[in-house]
Amino acid sequence: MTDNASEEPPSKGTCAGCGGQDATFLCGRCQRAFFCSKDCLRSAWPRHKIECVQVAEPAIENSSVPATSSTAPSTTAPFAPSLRADSNDPPYILRGRGKLGHLVPPGGVRIGVVSTLRDVEDQFHLWLEWFRIVGFSHLFLYFDDPSRDEASIEEARAIYSADFVSFALNTPELRKEWPTLRSWSKFSAHTDDRMCRQLLNLAHGFSRASKCQPGAPEEVDWMLHLDHDELFLPPPQGLQTHFKHLENLGCKLCLYQNLEAAPEDHTLTPFLDVSMFKVPSGRMPKTPLGAAGTNFWAKRTAAGNYFLYYDNGKSAVRVRQRSGTEIAPVSVHLLYPPEDLEDLMVGGKAWTTFAPQELPEMNLGWLSSRHEEVVVGAKVLHYPATHFDRLFRKYDHLKDFPSVRFGGDLVIPPSFHLEARDCYLRHRDAGERVQREQIKELLESVAFLRTPEEVQSQIETGSVVVIESVRESLRRGAWQSPGLLRQTFDQMMQRQPSAEGMDRIRRMPRVDAEILLAGSAGGLLKMLEPGLDLLVQRLESVGWVACSLGMHAKLIDRALTEAKGLMQRMSPGTTVIQNEVIDQKLPNAKRGDKILFMQEQGLTGPKAAKGPAPTLALLEGAMTDIGMQLDTRLQRSKLALRITERCDGMLACYNGNGAAYGAHIDNADGDGRVDGRVLTAVLYLNPGWDRRNGGELAIFQPESGQLGDEDVVGRWHTISPEAGTLVLFRADETLHEVRPSLEQRFALSLWFCGQSVNYGGSQM
């Protein structure tokens, strides 16, 4: 048996950068990791730095390559007494001088980031590397306290090239240029406020980008403002595809929703360690589970906040190159000054990924809400509270900041930001150690998912999604695109059979559908828990299920009487694709029913009991409860579906005389939203229905191939509209039709919106 401690150190190994074998270049700092070359080390340094621990001696004797101070950038190495600009630049501008440049393809869209930075030591290089590997072209970095970050600046300069990064230092020379900016008059009285300096630096960065020479490193087409605890996550299609889509459709401004990191433990490298994020409140499921998720987070803070910090997103704006008019935003969130908004409002040039219903209360009704995946898949990831030391340093710097800023133009509402400030101030006399302990205790109580049970619970409520793209991309040194979790509009429409295919499908065999829980079983309501499990099993296997609800016959009779009394309120049904009503003469659009929507007609809610249809409202409520109780089961099933919202109930009547509804998919096009209808529920209200009168619901079930395939083979399963029969089917997949009805026929329908349980995330 040998003593490993006495063995000679290895002379070669696997490259920690590219994974190549027989690498002989040894990192001179940790003296453990091998690389193929010095260039390979520099490329891998943003990742290797995290685990690179300097040894006591500067070099290993007999190492195959002499280890020098230049082998790896060292945070402990001495630096020049002052940071000096290149001769061709203003004295406050520094350039990168390393070899790692941007990865923008020739002729590609050039996207820049402006940021005002301070105290960046924790994961500055991971932040820089992220923007490089996803394809940003230039980072305009403004250092508010350059002497504090001198080591980090010099280390970054040694790694990254001048075409990718520039460093602007807060010096008298820079401050002399602020009065030349368009926004100076608004902020000149508040330059002691860091937020004011952010906005002035932002305008300065826009000025540099718009006035630079063609082909210069600072020439960019789009610009974002992001702090060094924020990342821009492209959609699965990638950064270039995203911005080309914006440009091709005339977009000049896009406001993105932000997600907030939900750590499980303290970490100073959250880009590598945190993979769970709270979704924006407007994307929370409007379900009992969703409400429980919101409450889980809100009850942790004194102010009842769901997000700890901002929730109004960040934006990208088209840069006006050499136009003569500078962009001078008054907010770091929406990168356009108010006087320029009129131009954006014309022709839908300003987009957002916020849902339409959120915009009025945000005073952003002029933005166009988009739902295509290449747009809505992009988001900002915010990592504001992941380590107590980082949080302590933040408030040790901000100290007793005012809650009213900019002369009263900005009032900070009750929030965790003020709660953390007050925690810091309350224990100031007790000393720094106590302050850190109290900040640590506060952070753990409000921000962390502390147990595996909490993690699983919040994933199921929909308040948290898992995003692994950042960690995996940084570890591999290349953009790792997550898989698409939602089909494009074209893909959705391809599921629709052609006219010839539909003719062939109509001729396929028809059989009577099995009605579960009928007869002696007593219906779903008599055996709810096992019955719900059975429904999900059928939805998993074939995409639809029919069962007996188990309602008392007299209840159904009353509901039918109420339905007949509402006939005068009904209007002809229409077919809608991409939010546009389709001509009824077109194939698959013809329908012969009359309908009304319950909530729209004031037939539901607290006053329903005294209205004209209390029994129908009761039945709609029962159907809603069934859908909500299916939510967790569907998430855990092979379908992996989350219910996000219930739509308004619809009462429909086919008034005999052969009224029918042609074969169709309820949600064939995504409904124009990210969480369109995924589940249809239909309850029939026709006691003693005579089968000779037709009116069956017919569901096509493929048995070979997929719907839309030219050679698909399957059978139609027909369901008689007998009172108390409940049918559930996939609204986004199931081809179905209503056969001609010779008698008056009523049904109460309800749709549940939803999405993949992983939607918004990126589990690799």
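In what order do the five strands of the open sheet come? I looked this up in a predicted model, and I read the order as S19-S30-S29-S32-S27. The pairing is mixed.

I checked which strands sit at the edges: they are S19 (510–512) and S27 (659–664), and each of them pairs on one side only. I also looked up how neighbouring strands are turned against each other, and the average is 30°, with direction ignored.

Next I picked S29 (residues 697–704) and S32 (residues 736–741). These two run antiparallel to each other and are paired over three bridges. I found alanine 698 opposite glutamate 737, which belongs to S32.

**A helix on the sheet.** I then followed helix H18, residues 499–506, which packs on this sheet. H18 touches S19, S27, S29 and S30 (713–719), and its direction makes about 60° with that of S30.

**Cores.** I moved on to the largest nonpolar core, which has 70 residues. Which of its residues touch the most other members? I noted Phe124, Phe131, Leu141, Phe232, Phe243 and Tyr256. Helix H2 (residues 124–134) gives the most to this core, with eight residues. As a reminder to myself, nonpolar side chains tend to be buried together in soluble globular proteins.

I zoomed in on leucine 141. Leaving out residues up to four places away in sequence, its contacts include Phe124, Trp127, Leu128, Val165 and Phe167. Ser115 and Ser166 are also among the residues that leucine 141 touches.

Last entry: another core, of 45 residues, lies apart from the largest one. I jotted down some of its members, including Leu535, Leu539, Cys547 and Leu616.

Notes:
Residues are numbered from 1 along each chain as its sequence is written. This is a predicted model: local features need pLDDT of at least 70, side-chain atom pairs count only at pLDDT 80 or more; totals for chains, interfaces and linings use all residues. Side-chain values use heavy atoms; hydrogens and water are left out. Two strands pair if DSSP finds at least two bridges between them. Helices (H or I, at least four residues) and strands (E, at least two) are DSSP runs, numbered from the N terminus. Axes are lines fitted to C-alpha atoms, for helices over the stretch in contact, and angles run from 0 to 180 degrees between N-to-C directions. Contact means heavy atoms within 4.5 Å. A nonpolar core is a set of buried Ala, Val, Leu, Ile, Met, Phe, Trp, Tyr and Cys residues joined through side-chain atoms within 4.5 Å. Buried means under 20% relative accessible area, exposed over 50%, partly exposed in between (1.4 Å probe, protein chains only).
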